[in-house]
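Let's take a friendly walk through a protein model, one region at a time. Keep the 3D view open while you read.

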Amino acid sequence: MIEEIITSGRMNPEIDPILHVWGWEIPLYLFLGGLSAGILIFSAYFTLRGRQDELPVAVKWMPLAVPFLIGIGLLALLLDLSHVWYAWQLFTNIRWESPMSWGAWTLMIITPLSIAWVAIWIEDIFPKWDWKFDEVKSIIKWLKSQKRIIAQVLILLSIILGMYTGILLSAFNARPFWNTSILGPLFLTSGLSASAALIAYFSKTEIEKRLFTRIDIILIGIELFMIVHLFMGHLAGTQVHIQAAQMFLGGAYTVPFWTFVVGLGLVFPVSLEILELKHKFIPAIVPVVLIIMGNIALRFIVVNAGQASRWLY
């Protein structure tokens, strides 16, 4: 069907993106990877700043979800593969020029490390839990002694993970819309924004809630700037890049992208967050749901638009 895309940058009505979706597995994997990276970055960073008691949800509670989020994301990735039984080879071979190889090895390291990070805070989260095995207590004690080193490594690996979700797509030179260096930083910022919104929602203290609301407002501003930069870069490029941008500037992706990603996923929730900081009553669930849905929509639309764009021969 991709061959039916017409050269003007618009799609054939028979394959309108609203009616035809190439798959949910990869967008879900990209979203969960970015969200996990954002949670770990905030947790590790504020641990290094010594604010773990002041910001308990960000540092101690939210990382509990990360191993599960990564697991669901990997399952979604496996479901998308044509040859599932060969997937293990990604974790036994290193190709320095391959973003997929970088991502596979980052995930292989960060998954057990995220579990170790949860173990560091497990006694704080469940203080009444009776740890009957001395070996478990010894492991937790040793992990706590290495907390700062683990936090530093987590920040590095999480940045790689968050950016890799975009770099994985930008490495496909055959797809003009994906072929931009801004996707890596954009997806990282988007993941940080989603995690900040979730932390603000679950926070129990006013200090933590307001801090992460402010952080999310800044991140959404950066995200909007990157989206503008994305299209400016395409419009200043080759004819196929201009045509790729035109899919969002009057083409088939114009309404879904500017409505669900930019309007409802960024501009509207950031307006609500600003009002919330000014002590206006805003249902807390509304901005976080909009931001999460905007995050998911961004990845769905970017993945599908990239497959719809191509070089002309």
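## Helix 10

In this predicted model, helix 10 has a set of buried residues that includes Pro256, Phe257, Val261, Val262, Gly265 and Leu266. Further along, Pro269, Val270 and Leu272 are buried too, and so are Glu273, Glu276 and Leu277. What do the buried residues of helix 10 pack against? Their partners are helix 8 (206-235) and helix 11 (285-308).

Now follow helix 10 along residues 254-277: a kink of about 45° is centred on Gly263. Just after the helix, look for His279, which takes a positive phi of about 70°.

## Aromatic rings

Phe257 of helix 10 also belongs to a cluster linked by ring pairs, together with Phe177, Phe231, Phe248, Tyr253 and Trp258.

The model has 14 aromatic pairs in total. One of them joins Tyr45 and Phe46, with 5.0 Å centre to centre and 75° between the planes, an edge-to-face arrangement. Is Phe46 buried or exposed? Its relative accessible area is 5%, so Phe46 is buried, because buried means under 20%. Tyr45, at 36%, counts as partly exposed.

Tyr201 and Phe202 make another pair: their ring centres are 5.0 Å apart and their planes meet at 75°, so this pair is edge-to-face. Here Tyr201 is partly exposed at 33% relative accessible area, and Phe202 is partly exposed at 42%.

## A charge over a ring

One last stop: find Phe187 and look at what sits over its ring. The charged end of Arg299 is there, 4.7 Å from the ring centre.

Technical notes:
Residues numbered from 1 in each chain as written. Predicted model: local features only at pLDDT ≥ 70, side-chain atom pairs only at ≥ 80, totals over all residues. Heavy atoms only, no water. Phe/Tyr/Trp six-rings, centres within 6.5 Å; stacked < 30°, edge-to-face > 60°. Buried < 20%, exposed > 50% of the residue type's maximum accessible area, 1.4 Å probe, protein only. Lys NZ or Arg CZ within 6 Å of the ring centre and 35° of its normal. Bend = angle between axes of the 7 residues up to and from the residue. Helix = DSSP H or I, 4+ residues; strand = E, 2+ residues; numbered from the N terminus. Contact = heavy atoms within 4.5 Å.
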